[in-house]
Amino acid sequence: MNNKLAPMTEFKVSNLCAAYGRKHVFSGINFRLQKGEVVALLGPNGCGKTTLLRTLLALHPKTEGEIWFAGKSIDDLSVKQRARMVSYVPQYHKMAFAYPVLEMVLMAIYGDKAPWLHASQDEIAHAMSALEWMGIAELAHRPYTELSGGQRQMVLIARAYAQNTPLIMMDEPTNGLDYGNQIKLLQKINALMETGKTVLMTTHHPEHALQCSSRAITMKDGHLLSDGCPLDVLKDEKIRSLYELSHDDFYAYRKQA
Ligand SMILES: Nc1ncnc2c1ncn2[C@@H]1O[C@H](COP(=O)(O)OP(=O)(O)OP(=O)(O)O)[C@@H](O)[C@H]1O
């Protein structure tokens, strides 16, 4: 089995726009991701973060613009080629069948066909190591549909990790995780950066972005507002303005926290 990462030289987005029917969600989005960056994307509910991630993954159609991966337009890559370059932890995931967790992880390695049913010992060991990395090896033989929300979330993260792509996109990855698992995940994301992987993750928690990201991007009303060092982009005044919080509400909360 080929565990080598596809080369991640650069991921580039230029003038990207997307809509649902006639309703524009975002327009004129430009940014680049470099190897080894963990980039946190923040913005109010409904500003378009999930739609942006789904558009970058070609799961939602763009209305304008270009997405380039290592010099190739994403439009020219097959589903299989994209799956070697980028993995995805969605915000919501429905699974109709009660597949065992181990098979769910093997599916990420093999795509939508069914060779995971004949997986080799090496492949099973690789999938198990992803579950161990996430700290959920004991769930390997449990049906996915019988897991709690937080356990399912950890399976999806292990699955993306097993896919072994140079770029991982995660939509609110700490969603549903208990306090301890949130901290452990943020540490794991931070460690991914050291291995040269690139992560683009949405979060509703500026403190999570400050803990594990090397760069933060904020988004509001269908546009990117700021992009840079988390300590600068997530200054108190910028957070207050992003989420439209009054001085009193914000500092009363801060005082209690
Ligand atoms: N399937 C859909 N059909 C029509 N409109 C949609 C659909 N999905 C999302 N929208 C709308 O697109 C906009 C952006 O939604 P999106 O889910 O991308 O926001 P978000 O920033 O990820 O929100 P949240 O932080 O609440 O998860 C919202 O106004 C939403 O109502």
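Tutor: Happy to! Keep in mind that this is a predicted model. Two packed helices are described by the angle between their axes and the distance between the axes. Here, helix 3 (residues 101–110) packs with helix 4 (residues 121–134) at an angle of about 110°, and their axes are 9 Å apart.

Student: Are helix 3 and helix 4 roughly parallel or roughly perpendicular to each other?

Tutor: Angles of 65 to 115 degrees count as roughly perpendicular, so helix 3 and helix 4 are roughly perpendicular to each other.

Student: Which residues make the contact?

Tutor: From helix 3 come Val 101, Leu 102, Val 105, Leu 106 and Ile 109, while helix 4 supplies Glu 123, Ala 127, Ala 130 and Leu 131. Sorted by class, this contact of helix 3 with helix 4 has eight nonpolar residues, one charged and no polar ones.

Student: Now the sheet. In what order do the strands lie?

Tutor: In a regular strand the side chains alternate between the two faces of the sheet. In this model, four strands form an open sheet in the order 2-1-4-5, with antiparallel pairing. Strand 2 and strand 5 (72–73) stand at the edges with a single partner strand each, so one side of each has no neighbour in the sheet.

Student: What joins strand 1 to the strands beside it?

Tutor: Bridges do. Strand 1 (residues 10–20) pairs with strand 2 (residues 23–34) in the antiparallel sense over eight bridges, and Tyr 20 has Lys 23 in strand 2 as its bridge partner. Those two strands form a hairpin with two residues between them, and Gly 21 in the turn has a positive phi of about 60°. Strand 1 is also joined to strand 4 (residues 64–69) by five bridges, again antiparallel, with Phe 11 opposite Phe 69.

Student: And which residues surround the ligand?

Tutor: Among them are Tyr 20, Val 25, Asn 45, Cys 47, Lys 49 and Thr 50. Helix 1 (residues 49–56) gives the largest share of this shell, three residues. By class, the shell has six polar, three nonpolar and one charged residues.

Notes. Residues are numbered from 1 along each chain as its sequence is written. This is a predicted model: local features need pLDDT of at least 70, side-chain atom pairs count only at pLDDT 80 or more; totals for chains, interfaces and linings use all residues. Axes are lines fitted to C-alpha atoms, for helices over the stretch in contact, and angles run from 0 to 180 degrees between N-to-C directions. Angles under 35 degrees count as roughly parallel, over 145 as roughly antiparallel, 65 to 115 as roughly perpendicular and the rest as oblique. Two residues are in contact if their C-beta atoms, placed from the backbone, lie within 7 Å. Ala, Val, Leu, Ile, Met, Phe, Trp, Tyr, Cys and Pro count as nonpolar, Asp, Glu, Lys and Arg as charged, and the others, Gly among them, as polar. Two strands pair if DSSP finds at least two bridges between them. A residue is near a molecule or strand if its C-beta atom, placed from the backbone, lies within 6 Å of it.
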